[in-house]
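Have the sequence and the 3D view at hand, and let us walk through them together. We will go from the whole down to single residues.

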Amino acid sequence: MTMQPNSQEARDVAYQLHAYTNARSHQQAGPLVIERGEGPYVFDAAGKRYLEAMAGLWSVGLGFSEKRLVDAAHRQMQALPFYHTFASRSHGPSIDLAEKLVKMAPVPMSKVFFTNSGSEANDTVLKLIAYRSNALGQPQRKKVISRLRGYHGVTIASASLTGLPNNHRSFDLPLPNILHTGSPHHYKDAAAGESEEAFATRRAEELDALIQKEGPDTIAAFFGEPVMGAGGVIVPPATYWEKIQAVLNKYDILLVADEVICGFGRTGKMFGCETFNIRPDVLVVSKQITSSYFPFSAIIMNDRMFEPIADESNKIGVLGHGFTAGGHPVGSAVALENLRIIEERNLVAHAAEIGAYMQDRLRTLADHPLVGEVRGIGLIAAVELVLDKTRKVAAGTPGALGGVASRLLLERGIISRNMLDALAICPPLIVTKVQIDELVDGLAGMLEDLK
Ligand code: PLP
């Protein structure tokens, strides 16, 4: 890319270190600078329009121009731009939102703790789990199990939960108390001829064996996304969650559902837990709760979690944890308005209907010689690219094919995300059939370019 001196691109390269970017090649390639948004579209500085088929970072449910969210933020800024929830202080928006989240949770829940990002929320859950084990007089019960290819964030503890090599390599992670069990990806990980049910049974047996090996009374919790997102959009195989849940129940291990991507309609139900009949003790939500117009996250917990924590804080005198901006009044007001809009416009039912249409249309690409698997549910999907269909592999360098494919799509005005050689698709919930057609036609055209 040729960058004009003092242009936005040149100043970006001069001054910013970017997340999830090769910091060296970025110096040559430069950034894509986005200037404004409209519905599911964003526009760059030259006015080129892109269909944001990733909803930003799996997160802008209501699209990029929802004025009611802006107005809600503005009203709250004028009324009370900041207050906190430390030391028994509170404010209306956080109270209303906590009540709303407890009442809308898919299983009986009792309390909400507010944080600012998915990572911070998961990090907090890990701390609360240790606190709880100490409260219960089980100080040895501190190990936590998550899954290879799971994504739970990037703080020291949440990156340890994440099961992806790039989040561990050279960061000296994972932390020792965090263990990983196998991913639920049938296409990649099942043995030849192994059915979805048999594969799910195997994964549950492996989990059971890991718990036995470590000692059941040392395992505090299991973390999982109902559908894995950043690990490649992995939809669990039939019977997987009920079998995992049964193992956890057998050993009295807490289940934490990371709904940071799945929550608020993404899988065609309000929560991913409803889609897969998961009964968690803790729900972690973020991203789509404010359509990412404001950084926000929340931990929704049941009494099994809350009661021992309350006892321990009583013993010590205080729960020594909290973030300055946790439950921020502006974020809470935006979240409440966002949830109101999702309900008023029946966007969960819309996601189920348009999602089914998107899944059908995407599966028309499955026979293409470069497509190994099309997978997904509701309004989240991935197209796995391969050069050799029978060996299920792409190019020599993992991610090279996916990288080219997402660049070609970008040229066609579609923003996707390549996770190695899988292209992730996760459009705003407000997407229409016409826009899904635009997306799938773009993908089909890109696959022809790639041949
Ligand atoms: N959990 C899941 C399932 C996520 O997808 C993400 C982010 O993509 C996170 C946690 C971390 O959230 P954040 O980037 O807000 O820290």
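The paragraphs below start with the model and its domains, then turn to strands, helices and a few loop residues.

This is a predicted model, in which local features need pLDDT of at least 70, side-chain atom pairs count only at pLDDT 80 or more, and totals for chains, interfaces and linings use all residues. Residues are numbered from 1 along each chain as its sequence is written. The predictor's confidence in each residue is called pLDDT and runs from 0 to 100. The protein averages a pLDDT of 97, and 100% of the residues score at least 70. The model also scores ipTM 1.00 and pTM 0.98.

Let us begin with the domains, whose bounds come from an automatic or database domain assignment. Domain 1 takes in 32-65 + 346-450, while domain 2 covers 69-344. Their C-alpha centres lie 26 Å apart. Where they touch, the contact takes 25 residues from domain 1 and 25 residues from domain 2; two residues are in contact if their C-beta atoms, placed from the backbone, lie within 7 Å. On the side of domain 1 that touches domain 2, at least two residues each come from helix 3 (55-58), helix 14 (347-363), strand 11 (371-377), strand 12 (380-385) and strand 15 (422-425). Helices (H or I, at least four residues) and strands (E, at least two) are DSSP runs, numbered from the N terminus. Helix 14 gives the largest share of that side, five residues.

A residue is buried if 20 or more other C-beta atoms lie within 10 Å of its own, exposed if 12 or fewer, and partly exposed in between, with C-beta atoms placed from the backbone. Strand 15 pairs with strand 12 in the antiparallel sense over four bridges; two strands pair if DSSP finds at least two bridges between them. Here E384 stands opposite A422. Strand 14 (residues 417-419) pairs with strand 15 too, in the antiparallel sense over three bridges, and R417 stands opposite A424. Two residues lie between the strands of this hairpin of strand 14 and strand 15, where L420 takes a positive phi near 50°.

Now move to strand 8 (residues 254-258), where five of its five residues are buried. L254, V256 and D258 point one way, and L255 and A257 the other way. Its pairing with strand 7 (residues 219-224) is parallel, over four bridges, and F222 has L255 as its bridge partner.

Next, find helix 6 (residues 118-135). Its 18 residues reach 25 Å from the first C-alpha to the last, close to the 26 Å expected at 1.5 Å a residue; the expected span is 1.5 Å times one less than the number of residues. Because 14 of the 18 residues of helix 6 are buried, the helix is largely enclosed by the rest of the structure. Just after helix 6, G137 takes a positive phi of about 70°.

We finish in the loops. Most residues other than glycine have a negative phi, and most peptide bonds are trans. The loop between helix 7 (156-161) and strand 6 (178-181) holds P174, and the peptide bond from L173 to P174 is cis, with omega near 10°. S170 is found in the loop between helix 7 and strand 6 as well, and its phi is positive, near 70°. S170 counts as exposed because it has 6 C-beta neighbours inside 10 Å.
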